[in-house]
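The sequence and the model come before the text.

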Amino acid sequence: MFKNQPAGLYILSLANTGERFGYYTMLAIFLLFLQAKFGFDSTVSGQIYSIFLALVYFMPLIGGWLADKWNFNKCVMTGIGVMFVGYLIMSIPTDIRSTTSLVILCCALALIAIGTGLFKGNLQVMVGDLYNEARYSNQRDTAFSLFYMAINIGSLFAPAVATWMTNIAMQAEGLTYVSSLPALCNAYLSGAENGAELIQVITENGMAVSSNLTEFANNYITTLTTGYGYAFAVACGSLIVSFLIYFLGRPTYRHILTGNKNDAKTSTVNAPELTPAQTKARVVALLLVFAVVIFFWMVFHQNGATLTEFAKSCTSPESFGWTRIGFNVWALVTIIVGVYALFSIFQSKSGAGKAISAIILCAVGVGLYFFYQNTPEPVSGIQPQQYQQFNPFYVVALTPVSLAIFGWLASRKKEPSAPRKIGYGMIMAAVAYGVMMIGSFAIVGTSGSVSPNWLISTYLLLTFAELLLSPMGISFVSKVAPPKLKGSMMGGWFAATAIGNYLVSIPMLLWGKINVWVLWAILIGICLVSALFIFSIMKRLEAATGDAPAPDVDQLETVEDDAI
């Protein structure tokens, strides 16, 4: 899968890895940060979380339009700088439970959203432009899968680093993270008569009870949010690395930069000439796909919202058996190495290559046994954000599996079209929340102690859905978008994602008001209706986008009229 790829792919992918590492380090703890520092409940924190996500994914629409008019390269570099300032502001300590602190936070979030808008979509357009050359054109889907894998390498380490930074701050003050303590401390500072409950939780977790509970509550929240601030500072450092990779690797992608007229001409020489009818048909087809994408991201990005709430309130903080090593990020990395070594055994053409891969696979087995023997049974004190490392782990580990399956289907001319993959992704997302629904039948209200395996399994199934939809969708937009509207159409993909991210707040509004299993049932229904919609228009999508036998202009006009 790494063969016949331009060098620019690896540079742009690594630049994105650095930026995404910083972003997901922040996002892993963002909801928890809001609830701890400002005392917000799930409704308010969920609204802020979803509005921020919506802005992050809406701004690429403006960023794409700006790049079409101005310059993709300059937009990307400017975006890195703006994001850096945003994360830097977030990392500076401010007073807890303060209106001034909230205003400062909102300014920082706005900068991060604007910077992401300039960076994210435009970098992906540049990746697509690398494949306008004939010798690379048939590698586009594989390239975006690799690009997507690089994103998840960055996000794989993010929750672990966020947890590490948090623990450094807490341990320095002799404190321990307990998921219920931030809410109890904030309630006490707001005047609630919960002192006895607060003292009980403190003593049960081995911390010294201060004679002044107000002082303890203030110190606990300040220390915890300081640790979160350390994680935001890490995001600043990751952007410096991202900028250096992007800037120093410029020779590998110089030929597609729009800042140079000669280079721009070279990069678009193979772009197809479209009639107005074909252009409209393609745009309409993309808009129909965007409509489905909205609901996928609504259900998928519950990982930082209701799924984090479920991890905090309804999931046991202890893990047993083999599952427990999954909370060690280095054990997950070892498994990833083993997956790639196994694939290399079958794909290597030389005996030496197969032998080296076999040795690595044996070393992986020894490493996993070491982790198993040296990991406490059970692993305790699991923090809610740690579950978010399973999704990127699954993405990185399963990408070669998905590419192998689709490659095998392609060799037999049975590979599903991109719109069909999106439909299958929605069905898989419904199955994922079906698992959550079954696991939640025993939950009363919003408190419980179910096995971590329910969340871990759900993240696995959501990852299958993501691999069917997200990298394929990005590749689909890159392939189908009319040449003069590439930036705007990629921005449209992110705008649809933005709407879906805002809708993330709806389940958060329902959290605590209905049974948890009913909440997952609602998400299942949304997934199935979306899948039914995209399969109902499948023939039109495939005709308009060239995934079916090429229609004539009259057919394209009919598709456009019917879709509207």
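In this predicted model, Asn186 is in contact with Gln35, Ala36, Phe38, Gly39, Arg97 and Ile221, leaving aside its neighbours within four places in sequence. Asn186 belongs to helix H6. With a relative accessible area of 4%, Asn186 is buried, because the limit for that class is under 20%. One of the contacts of Asn186 is also polar: its side chain and that of Arg97 are joined at 2.9 Å.

Arg97 itself sits in the loop between helix H3 (72-91) and H4. Its relative accessible area is 33%, so Arg97 is partly exposed. The backbone of Arg97 has a phi near 55 degrees, which is positive although the residue is not glycine.

**Residues by accessibility**

What accessibility class does Gln124 fall into, buried or exposed? Gln124 is in helix H4 and, at 1% relative accessibility, counts as buried. Apart from neighbours within four places in sequence, Gln124 has contacts with Phe144, Phe147, Ile151, Ile474, Met490 and Phe494.

Thr226, in helix H8, is partly exposed at a relative accessible area of 24%. The C-alpha atoms of Thr226 and Ile92 are 8.6 Å apart in space, while the two residues are 134 residues apart in sequence.

Pro483 lies in the loop between H16 and H17, and its 30% relative accessibility makes it partly exposed. Pro483 and Val76 are 407 residues apart in sequence, with 19 Å between their C-alpha atoms.

| Residue | Relative accessible area | Class |
|---|---|---|
| Asn186 | 4% | buried |
| Arg97 | 33% | partly exposed |
| Gln124 | 1% | buried |
| Thr226 | 24% | partly exposed |
| Pro483 | 30% | partly exposed |
| Lys413 | 80% | exposed |

**The cavity**

Rolling a probe the size of a water molecule over the atoms shows where empty space is left. How many cavities of 30 Å³ or more does the structure hold? The count is one, and the largest cavity has a volume of about 320 Å³. It is lined by 24 residues, and Tyr24, Tyr57, Tyr148, His301 and Glu466 are the closest to its centre. Two or more lining residues come from each of H1, helix H4 (99-129), helix H5 (140-172), helix H10 (276-300), helix H14 (390-411), helix H16 (452-480) and helix H17 (486-503). H5 gives the largest share, five residues. Sorted by class, the lining of the largest cavity has 13 nonpolar, eight polar and three charged residues.

**The second largest pocket**

The second largest pocket has a volume of about 820 Å³. Its lining is made of 40 residues, and those nearest its centre are Val178, Ser179, Ser180, Lys312 and Ser313. Helix H1 (7-38), helix H6 (181-189), helix H8 (213-248) and helix H11 (306-313) are the elements that give two or more residues to this lining. By class, the lining of this pocket has 16 nonpolar, 19 polar and five charged residues.

**Backbone exceptions**

Most residues other than glycine have a negative phi, and most peptide bonds are trans. Arg97, already described, has a positive phi. Lys413 also has a positive phi, of about 55 degrees, and is not a glycine. Lys413 is in the loop between H14 and helix H15 (418-439). At 80%, the relative accessible area of Lys413 is over 50%, so this residue is exposed.

Where is a cis peptide bond found? It joins Glu377 and Pro378, with omega at about 0 degrees. Pro378 is in the loop between helix H13 (351-374) and H14.

**Confidence**

The chain has a mean pLDDT of 86, and 93% of its residues reach 70 or more. Over residues 259-270 the pLDDT is below 50, and this stretch has 14 contacts in the model beyond near neighbours in sequence. Residues 548-564 also have a pLDDT below 50; beyond near neighbours in sequence, that stretch has 23 contacts in the model.

Methods: Residues are numbered from 1 along each chain as its sequence is written. Side-chain values use heavy atoms; hydrogens and water are left out. On a 1 Å grid over the protein atoms alone, a cavity is a set of points where a 1.4 Å probe fits but cannot get out, and a pocket is an open set with protein on both sides within 12 Å along at least five of seven lines; lining residues have an atom within 4 Å of a point. Grid points are joined across faces, edges and corners, and a volume is the space filled by probe spheres set on the points. Helices (H or I, at least four residues) and strands (E, at least two) are DSSP runs, numbered from the N terminus. Ala, Val, Leu, Ile, Met, Phe, Trp, Tyr, Cys and Pro count as nonpolar, Asp, Glu, Lys and Arg as charged, and the others, Gly among them, as polar. Buried means under 20% relative accessible area, exposed over 50%, partly exposed in between (1.4 Å probe, protein chains only). A polar contact is a pair of N or O atoms within 3.5 Å; within protein, one must be able to donate a hydrogen and the other to accept it, and residues adjacent in sequence count only if both atoms are side-chain atoms. Contact means heavy atoms within 4.5 Å. pLDDT is the predictor's confidence in each residue, from 0 to 100.
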